[in-house]
Amino acid sequence: MSLAPPLCPCRHYEDKKAEVEAAYWNCPCVPMRERKECHCMLFLTPENDFSGEQQEISFEEIRTITNQY
């Protein structure tokens, strides 16, 4: 499965779908462009520990996950 190139969050897009298809304003981050590694955590893959359906996370959960690294 190939992921669509992420759009730069600093820009406004009239037609996001067209921009993704044109692959013009992709994320400017080198790790994201080269290895699909998102360090700013704006573009997370579903298997990432920090990816989820909720917008809230407890401090305890953050400490548990970050202490693994």
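I started with burial: of the 69 residues of the protein, 13% count as buried (under 20% relative accessible area, with exposed over 50% and partly exposed in between, using a 1.4 Å probe and protein chains only). I kept in mind that this is a predicted model, where local features need pLDDT of at least 70, side-chain atom pairs count only at pLDDT 80 or more, and totals for chains, interfaces and linings use all residues. Residues are numbered from 1 along each chain as its sequence is written, and side-chain values use heavy atoms, leaving out hydrogens and water.

Next, the fold. Read along the sequence, the pattern is α-α-α.

Then I looked at contacts (heavy atoms within 4.5 Å). Among those with a separation of 6 or more, 14% join residues 24 or more positions apart.

Is Pro 31 buried or exposed? Pro 31 sits in helix H2 and counts as buried because its relative accessibility is 18%. Leaving aside neighbours within four places in sequence, I noted that Pro 31 touches Lys 36, Glu 37 and His 39.

The protein's accessible surface is about 6100 Å², and carbon and sulfur atoms hold 51% of that.

Last, Phe 50. I placed Phe 50 in the loop between helix H2 (30-35) and helix H3 (59-66), and its relative accessible area of 32% makes it partly exposed.

How values were computed
Helix = DSSP H or I, 4+ residues; strand = E, 2+ residues; numbered from the N terminus. Areas by Shrake-Rupley, 256 points an atom, 1.4 Å probe, with all protein chains shown as cover.
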